[in-house]
Amino acid sequence: MRNMEIVAHRGASAVCPENTMSAFERSLELGATGIETDVQMTSDGRLVLIHDETLSRTGGAEGWVKDTTYDQLRTRDAGSWFHADFTGERIPSLEELFKLVQGKGTLLNLELKNGIVSYKGMEEKVIQAIRDWNLEKQVVLSSFNHASLVRCKRLAPEIRTALLYMEKLYRPYDYAAKLEASGLHPYKLAVTQEDVAAALAHGIVTYPFTVNDPAEMQAMIDMGVQGIITDVPDVLASLLTVHAR
Ligand code: G3P
Ligand code: MG
């Protein structure tokens, strides 16, 4: 394990439209050691990378991802809402991202967005795709839907899972251990030094989200976290370079 994982939240989402191939590629250029992305499923069962359940904010159209076919979705412009320079950017398939990271040491944090929409068979499809691409060691599956992560663990004990949560939990490391999760991905305000230390003593790593301010990053580093999920991987990379000197 690296000293500190720099996990690009939706790719380099401060400088590129989130969850696009441009954002993922740029994040690696900016020093990210990991990429976080959000997985949803089309009406014909394809796994695609978009944060919202609907297309209206970033998907260049109205309607739900679950009601849109993959071919329809691929005609949409997922870039121009961010900046005209990105016009024509597409909503990526999971496989496109797999192709980018395969053979690299990049950590891939796939967040299953199955808390609002219940995508039937999503866990099986994600796991099959990970196995087809031999990415079992590179991937961490996370979700706010902890029941789904337990299901993933039953289907694929070899693939790591991490619990996403917003508010402080009582002994989150005990809860994670019970669910056989390898990681905690708390909202930044839910992190405590005691929990980070206790989690690590149980072999569980802590990666808070979404930390963009250098002072907040420093506070997380001082609390001993093993990774940070950020929109600005370059900012964290330079902070860590200063540390290393
Ligand atoms: O995985 C961390 C973070 O992405 C969770 O929240 O809404 O940005 O997907 P959200
Ligand atoms: Mg996410």
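In this predicted model, helix α5 spans residues 146-155, and its buried residues are Ser148, Leu149 and Cys152. These three lie on the same side of α5, because they cover an arc of only 100° around the axis. The face of α5 turned away from that buried side carries the exposed residues Ala147 and Arg154.

**Helix α5 and its cover**

- Several elements cover the buried residues of α5, including strand β4, helix α4 (122-132), strand β5 (139-143) and strand β6 (160-165).

**Helix α3**

- Helix α3 runs over residues 94-101, and Leu94, Leu97 and Phe98 are buried in it.
- These residues share one side of α3, because their arc around the axis is only 105°.
- The buried residues of α3 pack against α1, β2 (34-41), β3 (47-49) and α4.
- After α3 comes Gly103, which has a positive phi near 85°.

- The buried residues of α1 are Met21, Ala23, Phe24, Arg26 and Ser27.
- The cover over these residues includes β1 (5-9), β2, α3 and α9 (233-244).
- Glu25 also belongs to α1, which comprises residues 21-29.
- Glu25 counts as partly exposed, because it has 15 C-beta neighbours inside 10 Å, whereas a buried residue needs 20 or more.
- Although Glu25 and Gly11 are 14 residues apart in sequence, their C-alpha atoms are 7.7 Å apart in space.
- Just after α1, Gly31 takes a positive phi of about 100°.
- Asn19 is located in the loop between β1 and α1.
- Asn19 is buried, because 29 other C-beta atoms lie within 10 Å.
- The phi of Asn19 is near 55°, which is a positive value in a residue other than glycine.

**The nonpolar core**

- The largest nonpolar core contains 64 residues, and Val7, Leu141 and Ile228 have the most contacts inside it.
- Strand β4 (residues 107-112) supplies the largest share of this core, with four residues.

**The surroundings of ligand 1**

- The residues around ligand 1 are His9, Glu36, Asp38, His51, Glu111, Ser142, Leu164, His185, Phe209, Thr210 and Ile229.
- By class, this shell consists of five polar, three nonpolar and three charged residues.

**The loop between α6 and β7**

- Ser182 lies in the loop between α6 (172-178) and β7 (183-186).
- Ser182 counts as partly exposed, because it has 18 C-beta neighbours inside 10 Å.
- Beyond residues up to four places away in sequence, Ser182 touches Arg160, Thr161, Ala162, Ile204 and Val205.
- Ser182 and Ala32 are 150 residues apart in sequence, and the distance between their C-alpha atoms is 21 Å.
- Glu180 also lies in the loop between α6 and β7.
- Glu180 counts as partly exposed, because it has 14 C-beta neighbours inside 10 Å.
- Glu180 has a phi near 55°, a positive value in a residue other than glycine.

**Gln193 in helix α7**

- Gln193 is part of helix α7, which covers residues 193-201.
- Gln193 is partly exposed, because 13 other C-beta atoms lie within 10 Å.
- Leaving aside neighbours within four places in sequence, Gln193 is in contact with Met223 and Gly224.
- Gln193 and Tyr173 are 20 residues apart in sequence and 12 Å apart in space, taken from C-alpha to C-alpha.

**Confidence of the prediction**

- The protein chain has a mean pLDDT of 97, and 100% of its residues reach 70 or more.
- The model has an ipTM score of 0.99 and a pTM score of 0.98.

Methods. Residues are numbered from 1 along each chain as its sequence is written. Chains are lettered from A and ligands numbered from 1 in the order in which they are written. This is a predicted model: local features need pLDDT of at least 70, side-chain atom pairs count only at pLDDT 80 or more; totals for chains, interfaces and linings use all residues. A nonpolar core is a set of buried Ala, Val, Leu, Ile, Met, Phe, Trp, Tyr and Cys residues joined through C-beta atoms within 7 Å. A residue is buried if 20 or more other C-beta atoms lie within 10 Å of its own, exposed if 12 or fewer, and partly exposed in between; C-beta atoms are placed from the backbone. Helices (H or I, at least four residues) and strands (E, at least two) are DSSP runs, numbered from the N terminus. A residue is near a molecule or strand if its C-beta atom, placed from the backbone, lies within 6 Å of it. Ala, Val, Leu, Ile, Met, Phe, Trp, Tyr, Cys and Pro count as nonpolar, Asp, Glu, Lys and Arg as charged, and the others, Gly among them, as polar. pLDDT is the predictor's confidence in each residue, from 0 to 100. The arc is that of the directions from the helix axis to the C-beta atoms. Two residues are in contact if their C-beta atoms, placed from the backbone, lie within 7 Å.
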